[in-house]
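Open the model in your viewer and show it as a cartoon. Keep the selection panel at hand; each stop below begins with something to select.

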Amino acid sequence: MEATREQLEQWDREHIWHPFTPMQTYAAERPLIVQRAEGCMLQDLDGKWYIDGVSSLWCNVHGHRVPELDEAIRSQLDQVAHSTLLGVSNVPAIKLARKLVELAPSGLDHVFFSDSGATAVEVALKMAFQFWRQCPVPRPKKTKYLALSRAYHGDTLGDVSLGGVEHFHALFAPLLFQTIRAPSPYCYRCPLGLERRTCQVDCARALEDLVRTHREELAAVVVEPLVQGAAGMIVAPEGFLRRVREVTAANEVLLIADEVAVGIGRTGTLFACEQEGVVPDFLCVAKGLTGGYLPLAATLTTGEVYRAFLGRPEENRTFFHGHTYTGNPLGAAVALATLERMEHCGVLAGVAERAALLRRHLDRIAELPCVGDVRQKGLMAGIELVADRGTKQPFPAAARTGHAVCKLARAHGALLRPLGDVVVVMPPLAIDLSLLDRLGEIVHDSFREVCSPR
Ligand SMILES: *Cc1c(COP(=O)(O)O)cnc(C)c1O
């Protein structure tokens, strides 16, 4: 028997514990339950349509129900849905690994599959640690990591140890390893009290000093290239990433590039590292990898790292890490189709035009009295609300102003999700220009209503 809408709403409240969701508030309101999608639109159980304004949590690329992607899964389903990569291989995983190596910055020629962004970063952390024990001249004192303030790299305890989002991560401090912290390149609220127009990217210099000071104990530096996503869409000044690469290379410290959010075309190039000519030692991809269809992630690394793990089994140089669904054939098949569509249908080339249109809307939104800053890289944008533009005074957290903007947007027909008082706009890369235009209008109107309540 089909469940009624009322039953579904009740069972959702009674049984689903939603991630990153204050459940008491959630359960007090009517839930939005998605039942289907078409292109870049999602439909709820009442039949109301919404623009997917945050790409279903930053992962959708080509829209929903894309015939080629659906077909890639269906035809793989006729072969095999899942078999393991532990000591055995499968056809789509092999093809995808080869494709990723072909597309990634050169030198990253080994691929370790897992199933989420969190595991992709966790894998890189453990590989870097083990590398320094097993490399030709072992450096067992290299056991620490450097990450940025406000960093977000996923929710496993290793990733949380890297994390710098106070209200997500502080509570878990007793469980975490210690991370060396460099300032975030947050120009709007510069941690060094400088102005972007006149600074010399001194935050990069602070990071360089820390790397030099701690070079003997640092296994790796972990960064989100170009944009710190969950931090509030903080766009780093040009050259910041290149300087991180230069200082790590010069001081024998590995560089882990977490491209979980910025990778797969989001910032205008397939990988964000390309924009500064950077080749990291580890490149982590997830969210957009399957076009937002299935959970699959990859950690790419170099031959140098890979070779440190070779040896006879009894030498115990093996990487003892894996996940049951590692390299899942359905996920790999749809990831391949996603990457092919990216190349062949001009989706990547279309990002610039869409980003320019989004920019025009952001410029207009930036004029509103409660907007302090707008930040954008490609089709990744954040709009920061402030109570006072002059002093940059935030709204009280309890006012949930970002949430209020998103609630209005929902009523107007767009699904958004804020990061505190930063409202994220991150539509699928392939969104139609006319739909993006409508999304921009909805975001503008929602902000205007919050900025000047009647
Ligand atoms: C989302 C995200 C992660 C975690 O990915 P999950 O698939 O949610 O585990 C890691 N790093 C960055 C930069 C992210 O944006």
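**Stop 1: α13 and α15.** Select helix α13 (residues 347–365) and helix α15 (residues 433–451). Helices here are DSSP runs of H or I with at least four residues, numbered from the N terminus. Their axes come within 10 Å and cross at roughly 20 degrees; axes are lines fitted to C-alpha atoms over the stretch in contact, with angles from 0 to 180 degrees between N-to-C directions. That makes α13 roughly parallel to α15 (angles under 35 degrees count as roughly parallel, over 145 as roughly antiparallel). The crossing is right-handed, meaning that the near helix is turned clockwise from the far one by less than a right angle.

Now show side chains. From α13, pick E353, R354, L357, L358, H361, R364 and I365. They meet L433, L436, D437, G440, E441, V443, H444 and F447 in α15; contact means heavy atoms within 4.5 Å. The contact residues of α13 and α15 divide into seven nonpolar, three polar and five charged (Ala, Val, Leu, Ile, Met, Phe, Trp, Tyr, Cys and Pro count as nonpolar, Asp, Glu, Lys and Arg as charged, the others, Gly among them, as polar).

A note on the model: it is predicted, with local features needing pLDDT of at least 70 and side-chain atom pairs pLDDT 80 or more, while totals for chains, interfaces and linings use all residues. Residues are numbered from 1 along each chain as its sequence is written, and side-chain values use heavy atoms, leaving out hydrogens and water.

**Stop 2: the two domains.** Colour domain 1 (32–65 + 346–451) and domain 2 (70–344) separately; the bounds come from an automatic or database domain assignment. Their centres, taken over C-alpha atoms, are 26 Å apart. Domain 1 gives 35 residues to the contact and domain 2 gives 32. About 2700 Å² is buried between them, 60% of it from carbon and sulfur atoms (accessible area, 1.4 Å probe, that two parts lose on being put together, summed over both). Which residues of domain 1 lose the most area to domain 2? Select L348, K377 and M380: together they account for 22% of what that side buries.

**Stop 3: α4 and α12.** Select helix α4 (residues 67–77) and helix α12 (residues 329–344). The axes come within 9 Å and cross at roughly 150 degrees. That makes α4 roughly antiparallel to α12.

Note on methods
Helix = DSSP H or I, 4+ residues; strand = E, 2+ residues; numbered from the N terminus. Parallel < 35°, antiparallel > 145°, perpendicular 65-115°, else oblique.
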